[in-house]
Amino acid sequence: MDKLAKILETITSELLPSLKKLLVTNKWIQDEALTRELETPLMRLCCRYLYIEKRRGYALDSVANFHLRNGAVMWRLNWKADLSPRGLGNSCGLMVNYRYFLDATEENSASYLENQTIHASEQILQLARQAVAKENKTRTTSNM
């Protein structure tokens, strides 16, 4: 393992427990600068969970799976949408909207059920591309 990889491993092993502790306490939401810094990575992680992660080809999240099976489009991720203690604890305050286009609901449902295709807005697709790019960059850096 080269010097850079060792440094990154050390930083990660020290940073992750601190970040987890900070997120669990919900105190991070009171620090506007920290909130701004966390927005992009948390939005990407949420999109990864909702749009990319799968179980047997279908959305891992049961609520997402419900809406997608019924023909919805994964429409929008909302930052700081639920700042209640429960909302912060469950999803760091993030919420997702699903939109039903009546003329496409049946087709979207069939596409999801038969081909595991998730129909999504440009915002969701962009966040998913960013999540994948970030993961690939991280993977490449750690293999150096």
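Trainee: Where is Asn 26 found?

Mentor: Asn 26 is found in the loop between helix H1 (3–25) and helix H2 (32–52), helices being DSSP runs of H or I with at least four residues and strands runs of E with at least two, numbered from the N terminus. This is a predicted model, in which local features need pLDDT of at least 70, side-chain atom pairs count only at pLDDT 80 or more, and totals for chains, interfaces and linings use all residues. Residues are numbered from 1 along each chain as its sequence is written, and side-chain values use heavy atoms, with hydrogens and water left out.

Trainee: Why is Asn 26 called buried?

Mentor: Asn 26 has a relative accessible area of 15% and is therefore buried, since buried means under 20%, exposed over 50% and partly exposed in between (1.4 Å probe, protein chains only). Asn 26 also has a positive phi of about 65°, although it is not a glycine.

Trainee: What makes Lys 80 partly exposed?

Mentor: The relative accessible area of Lys 80 is 30%, and Lys 80 therefore counts as partly exposed. Lys 80, in the loop between strand S3 (73–78) and helix H4 (85–91), has a positive phi of about 55° although it is not a glycine.

Trainee: Why are H3 and H5 called oblique to each other?

Mentor: Helix H3 (residues 62–69) and helix H5 (residues 105–115) pack at an angle of about 125°, and angles under 35 degrees count as roughly parallel, over 145 as roughly antiparallel, 65 to 115 as roughly perpendicular and the rest as oblique. H3 and H5 are therefore oblique.

How values were computed: Axes are lines fitted to C-alpha atoms, for helices over the stretch in contact, and angles run from 0 to 180 degrees between N-to-C directions.
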